[in-house]
Amino acid sequence: MQIRVLTADDVRTALPMDKAIEAVRLAFGQFSSKNATVPLRTRIQTEKGVTLLMPAHLHHSGDFAVKIVSVYESNPKLDLPTVTATVIVLDPDTGMPLAFMDGDSLTALRTGAAGGLAADLLARKEAETATLFGAGVQARSQLIAVMAVRNIKQVNLVDPVFEAAEKLAREIESHPLAPEINIIQDPEAAVKEADIIMAATTTKTPLFNGDHLKPGAHVTGVGSYTPEMQEIDKNTVNRSKVVVDSRESCLAEAGDIILSNAEIYAEIGEIVNGDKPGRQSEDEVTFFKSVGLAAQDAAAAAMVVKEAEKKDLGKVIGMS
Ligand SMILES: NC(=O)c1ccc[n+]([C@@H]2O[C@H](COP(=O)([O-])OP(=O)(O)OC[C@H]3O[C@@H](n4cnc5c(N)ncnc54)[C@H](O)[C@@H]3O)[C@@H](O)[C@H]2O)c1
């Protein structure tokens, strides 16, 4: 038995954003047509922290993986990150492990890719102005993904930590499709002319008032993940066509959906599968809420393995 070990850099090299978007498109399609086995995550509480096991198998593509996420608050004292993630990819024909890879880079890629797919299906084709709330790991990935599906010329960047916003702005400058980036403090000014608004923050309270959105805007929110957290306000939700990654998960976990008593129009996989149309008019406001699915991890990780084999990335280790 042999296993390929892939670092964060290997994962990023293996999976450019356009390929990540393709992987999550297939994942959401299979998830919404009930062609995915995605058991509830298993939570193991230890003395020092909690570890979550998140398996998924996609029936048509055969993608099969388990993500392991650990949250250990005392890790920084040991000079280790609080949250760590790794992924094991399995061969669907033999059940044997094929690869072991960094899960943080994979999570950022597949979460960005979900936002990119949503913008592709829901934002107006000519969208060119974007607003990004947050300048952390997920925000970077959301922006790169939206730049992969729309010709973004200008970005308003909002983050209370000015240094974080500056750092992200400098990084994006070196991108071949770099838009103009303006760091803005006022949320209302940031959203009122934007075609696409991305929220990837740790806030517990709404980032902006949805009354200020212009007709035809598209909003993606990936941040809030408990029933009490609300990144996107009720006014946005009430005037939007609301699309989610998973009805069940969003109704259980996403304060954006729960606190606004949102009427969910579709899962994104239903739009991928052609069961429901995406955007239907130039003026409608659309909102995509993601809490993140293990099906996305399985599809993205399996794609990483295929590309890593082609490009000979990582280290292959014999186990027997
Ligand atoms: N939906 C998914 O699949 C998925 C996957 C991974 C992470 N997440 C979630 O995404 C969120 C962001 O994760 P991250 O890893 O990028 O975190 P991070 O800590 O790297 O970055 C968060 C950023 O949000 C900024 N922020 C906080 N309040 C803000 C506000 N009011 N306005 C603007 N910016 C604000 C912070 O200053 C920080 O720069 C978290 O809530 C995380 O749990 C979702």
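**The ligand and its surroundings**

The ligand is surrounded by 23 residues, and the closest of these are Arg110, Gln138, Asp159, Val222 and Ser290. The model shown here is predicted, and the values that follow are computed from its atoms.

Sorting the surrounding residues by class gives a first picture of the shell. It holds 10 nonpolar residues and 11 polar ones, while 2 are charged. Arginine and aspartate count as charged, and Arg110 and Asp159 are both among the closest residues.

In Arg110, a polar side-chain atom is 2.8 Å away from an oxygen atom of the ligand. In Asp159, an N or O atom of the side chain lies 2.6 Å from a ligand oxygen atom. Gly292 takes part through its backbone instead: one of its backbone N or O atoms is 3.5 Å from an oxygen atom of the ligand. How much of the ligand does the protein bury? On its own the ligand exposes 860 Å², and the protein buries 74% of that.

Where does the ligand sit? Its place is in the largest pocket. Two elements give two or more residues to the shell around the ligand: helix 3, residues 103–122, and helix 4, residues 137–149. Helix 3 contributes the most, with 3 residues.

Phe133 belongs to strand 8 (residues 129–133), whereas Phe208 is in the loop between strand 11 (196–199) and strand 12 (218–221). The pair therefore ties together parts that are 75 residues apart in sequence.

Definitions and conventions: Residues numbered from 1 in each chain as written. Predicted model: local features only at pLDDT ≥ 70, side-chain atom pairs only at ≥ 80, totals over all residues. Heavy atoms only, no water. Near = heavy atom within 4 Å. Polar contact = N/O pair within 3.5 Å; in protein donor to acceptor, adjacent residues only side chain to side chain. Areas by Shrake-Rupley, 256 points an atom, 1.4 Å probe, with all protein chains shown as cover. 1 Å grid on protein atoms, 1.4 Å probe; cavity = no way out; pocket = protein on both sides within 12 Å on 5 of 7 lines; lining within 4 Å. Sits in = over half its atoms within 2 Å of the grid points. Helix = DSSP H or I, 4+ residues; strand = E, 2+ residues; numbered from the N terminus.
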